[in-house]
Structures are given as structure tokens and as C-alpha cells.
Amino acid sequence: PNVTAKNGDTIPNPLRDLRVRKALTLAVDRNAIADNVMEGLAVPTNQIVAEGFGGYHEGIAVPDFDPAKAKKLLAEAGYPNGFNLTIHATNDRYVNDAKLAQAIAQMYAQVGVDVKVETMPVAVYYGKARGHEFAMCQIGWATATGESSAILSPALRKGKRNNYGRWENAEFNTVIKAALSTVNLEEYRAGLARATEIVAEEIPIIPTHNQVAVWAARKGLTYGATANEATLAEAVSAE
């Protein structure tokens with residue numbers, strides 16, 4: 001849904017074409033998002049977890065912002081003039097969520113993809129996302145367990161309710177299931193690494209940034225931050 005030709009006609013889903021997905025990730029200026037949208041409190045990324053967390057893949061680079069290459073890929077895929085796309089986002093859930101969606105819309109306009117942004121409260125958003133009413137939606141995840149399988153599995157495995165794009169990849173499903181089934185640490189790590197590589201290769205999602213969580217306290221107090229970004233009174237200690 002929510003994808004049409006420039007004249008409004010119905011077209012086959014362009015997001016099924018890997019060249020289109022590559023174009024859309026190259027059209028995202030992640031540095032601008034981190035510096036301007038997030039006001040410096042974010043780190044550009046192209047994978048689920050940040051450096052230092054389990055499953056982080058050192059070999060996966062952040063793509064260069066390359067509108068020219070993005071346009072070329074769209075033309076090769078049969079969309080030399082782009083297409084129309086609606087991006088859905090929350091407006092009360094994530095840090096600068098609506099602002100981020102608008103920024104990406106402007107970036108996509110540079111490569112010929114005309115984007116309409118629709119935002120809504122989180123109370124109605126997830127029901128629509130799980131009902132597969134969106135073509136492209138904005139989602140954020142906290143790495144509460146400290147490693148990537150807690151996001152990779154529910155967000156991208158076949159049949160999971162949080163797989164909002166209904167992406168299916170047989171190798172990914174096999175690899176992530178095996179990683180979660182083994183007690184061998186090296187096999188587990190290798191499985192997460194391969195699963196992360198598949199996501200980077202196939203681009204079912206477009207990671208943009210890891211946000212930097214910030215807490216402030218008066219002098220003499222220290223806050224013990226946790227991976228789930230929770231703010232808990234018991235995590236405050238006196239120096």
C-alpha cells in the first residue's frame with residue numbers, strides 16, 4: 001500500500017526490487033540525521049546494534065550518502081523518474097520521530113521519490129503496522145538484552161508479528177534460528193554475524209542511527225545507565 005507512480009497509477013511494489021532498496025539506503029544522509037535531526041546525540045549506523053553490543057559486525061560500513069548512484073539504481077530498476085511513497089511514523093514515541101521522517105522525505109525527494117509523511121500517536125501506530133497497512137514505517141528498538149538477536153528475531157523472522165514488512169529470507173530464518181538454539185558461544189556469534197550480513201545485503205530495513213541516551217544529575221550523583229535506556233531511581237548512586 002501507499003506506493004504509486006508519479007501520476008497516481010497503481011504499480012507493482014518497487015520495494016521488492018533490491019536495486020530500489022539500495023537506492024533508498026544510499027539516499028539517506030546519516031551524518032545529517034545525526035548532526036542536525038538528532039543534534040549530535042546519535043551515531044550513524046547501518047546495522048541493528050551499536051558498537052560494543054553483542055552481534056555488532058565490524059565489517060559492515062555505513063553507506064556513503066550518494067544521491068547520484070541512487071538515481072542510477074532507480075533508473076536501472078525501471079523508475080528513472082522515481083515514484084510516490086508514503087512514510088508513516090509516530091509523533092510521540094521516539095526522539096525526534098516526526099522530524100526524522102520529514103528529513104528522510106526531503107532526502108528521497110532529491111532522487112525523485114516524492115514522499116508524503118503521515119504521523120500518528122503510538123497508541124494507534126503499532127496496530128496499523130502489524131496489520132501491514134504501511135509501505136515504509138519508522139521503528140526504533142532498544143537493545144535491552146545487550147545483543148542483536150533480541151531485535152533480529154522478532155523484527156525480521158518469517159511470521160513474527162513485529163516483522164512489519166513481512167520480509168522473508170530462507171537463509172536468514174535458518175541462521176537466526178540456529179544461533180538461538182545453540183549453547184556454543186562461537187556458533188552463536190557466527191550466526192548473529194551472518195544474520196547481520198544478510199540484512200545488510202538484502203536491505204529489508206534501513207538503519208539510520210543509534211541514539212545517545214542522556215541523563216543529567218546534580219553534582220555528587222551518578223546514574224548507572226542500562227541497555228534498555230530505562231530511568232530508574234535505584235540506578236542512582238552517590239559518589
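In which handedness of crossing does α2 pass α4? The crossing of α2 past α4 is right-handed. This is a predicted model.

**Helices α2 and α4**
- Helix α2 spans residues 30-37, and helix α4 spans residues 97-109.
- Their axes lie 11 Å apart and pack at an angle of about 140°.
- Angles over 145 degrees would count as roughly antiparallel, and 65 to 115 as roughly perpendicular. The two helices, α2 and α4, are therefore oblique to each other.
- From α2, the contact uses Ala32, Ile33, Asn36 and Val37. From α4, Lys99, Leu100, Ala103, Ile104 and Met107 meet them.
- By type, the residues of this α2 contact with α4 are seven nonpolar, one polar and one charged.

**Ile206**
- Ile206 sits in the loop between α8 (185-202) and β6 (209-211).
- Is Ile206 buried, partly exposed or exposed? Its relative accessibility is 23%, so Ile206 counts as partly exposed. Buried would mean under 20%.
- Leaving aside residues up to four places away in sequence, Ile206 touches Arg21, Leu24, Thr25, Val28, Arg30, Tyr108 and Met136.
- Val49 is 157 residues from Ile206 along the chain, and their C-alpha atoms are separated by 13 Å.

**Aromatic rings**
- How many aromatic pairs does the structure hold? There are six.
- Tyr125, Tyr126, Phe134 and Tyr164 form a cluster linked by ring pairs.

Conventions: Residues numbered from 1 in each chain as written. Predicted model: local features only at pLDDT ≥ 70, side-chain atom pairs only at ≥ 80, totals over all residues. Heavy atoms only, no water. Phe/Tyr/Trp six-rings, centres within 6.5 Å; stacked < 30°, edge-to-face > 60°. Helix = DSSP H or I, 4+ residues; strand = E, 2+ residues; numbered from the N terminus. Buried < 20%, exposed > 50% of the residue type's maximum accessible area, 1.4 Å probe, protein only. Contact = heavy atoms within 4.5 Å. Axes fitted to C-alpha atoms, helices over the stretch in contact; angles between N-to-C directions. Parallel < 35°, antiparallel > 145°, perpendicular 65-115°, else oblique. Left-handed = near helix turned anticlockwise from the far one by under 90°. Nonpolar A, V, L, I, M, F, W, Y, C, P; charged D, E, K, R; others polar.
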